[in-house]
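I set down what I looked up, one topic at a time.

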Amino acid sequence: MPQGKEPPQLLRQRFVYQGRKFNFEVNHLRLPNQAKGDWECVRHPGGALAVPVTPDGKLVLVRQYRFTVQRRLLEFPAGTVEPLEDPETTIQREIQEEIGYRAHRWQSLGNFALAPGYSDEYIYAFLAQDLEKLETPPGLDADEDLETVLMTPEQLEKAIHGGDAVDAKSICSFYLARPFLQQ
C-alpha cells in the first residue's frame, strides 16, 4: 500500500549552504519513528529529462563531462527546473540547447526520486518524439562540455550492461521509455 508524506519534526536547523543550483542543510530532526538526530539533505528544485527519439528510431544522448566523477558520462539531455517553471517547459528548452532538436510530440514517463538517501531531487522524465533538427540551435551554457551521440535502443542497452559510463537518471528513464521504442 502506498505511503503518504510523513514529514519529520524539525527540532533545530544547524547549517544551511545556499548554492547556485541547490542548497545543503544539516537539521536536527525527530523522525516519524521518534528517532532523533542530525540529518544532511541536498535541497534541489528537481530536474527534467528527455528520451529523444529520431524519426528513424535512434536515441539522442550527450556525452558530457562531469567534474564530480572526473569523466564523461553518457546521458539523456536534462536540466534543472527553474523557479516558477514546469518540468515540461524546462526540458523543451534543454533539448534545444543541448542537442539542437525540437520535439513535436511529448509524453510523460513519470517521475522518480534520484537519490533519496541524501537529496529531495525528483527527475521528471519525458519521451520526446517527432524530432526536428534546428537550423540554428541556441548556444550551450558556459559550463557545458558535451557532444551529441546517436544510438539505437539496442546499442544503449549494450552500453549499459557493458559497464559504459551511463548515469543513473538516464538508465532509469531509458527503461521507462523502452516499451514505447521501436523493437
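Entry 1, a pair of strands. I worked from a predicted model. I began with Leu29 and found that Gly37 in E3 stands opposite this residue. I then looked up the strands themselves: E2 (residues 23-30) and E3 pair in the antiparallel sense, over 8 bridges. I noted as background that strands of a sheet pair through backbone hydrogen bonds, either parallel or antiparallel.

Entry 2, the sheet. I asked in which order the strands of the open sheet lie. The order is E1-E2-E3, with 3 strands and antiparallel pairing. Strand E1 (9-18) and strand E3 (36-43) stand at the edges with a single partner strand each, so one side of each has no neighbour in the sheet. I recorded an average twist of 20 degrees from one strand to the next.

Helix H1 covers residues 87-99, which is 13 residues. From the first C-alpha to the last, H1 reaches 18 Å, close to the 18 Å expected at 1.5 Å a residue. I next asked which residues of H1 are buried. They are Pro87, Thr90, Ile91, Glu94, Ile95, Glu97, Glu98 and Ile99. Seen down the axis of H1, these buried residues fall within an arc of 170 degrees, so they line one face of the helix. I found that they pack against several strands, including E4 (47-52), E5 (59-66) and E8 (101-113).

At the N-terminal end, Asp86 caps H1, with a side-chain oxygen 3.2 Å from the backbone nitrogen of Glu88. After H1 comes Gly100, and its phi is positive, near 75 degrees.

Note on methods:
Residues are numbered from 1 along each chain as its sequence is written. This is a predicted model: local features need pLDDT of at least 70, side-chain atom pairs count only at pLDDT 80 or more; totals for chains, interfaces and linings use all residues. Side-chain values use heavy atoms; hydrogens and water are left out. Helices (H or I, at least four residues) and strands (E, at least two) are DSSP runs, numbered from the N terminus. The expected span of a helix is 1.5 Å times one less than its number of residues. Buried means under 20% relative accessible area, exposed over 50%, partly exposed in between (1.4 Å probe, protein chains only). The arc is that of the directions from the helix axis to the C-beta atoms. Contact means heavy atoms within 4.5 Å. A polar contact is a pair of N or O atoms within 3.5 Å; within protein, one must be able to donate a hydrogen and the other to accept it, and residues adjacent in sequence count only if both atoms are side-chain atoms. Two strands pair if DSSP finds at least two bridges between them. Axes are lines fitted to C-alpha atoms, for helices over the stretch in contact, and angles run from 0 to 180 degrees between N-to-C directions.
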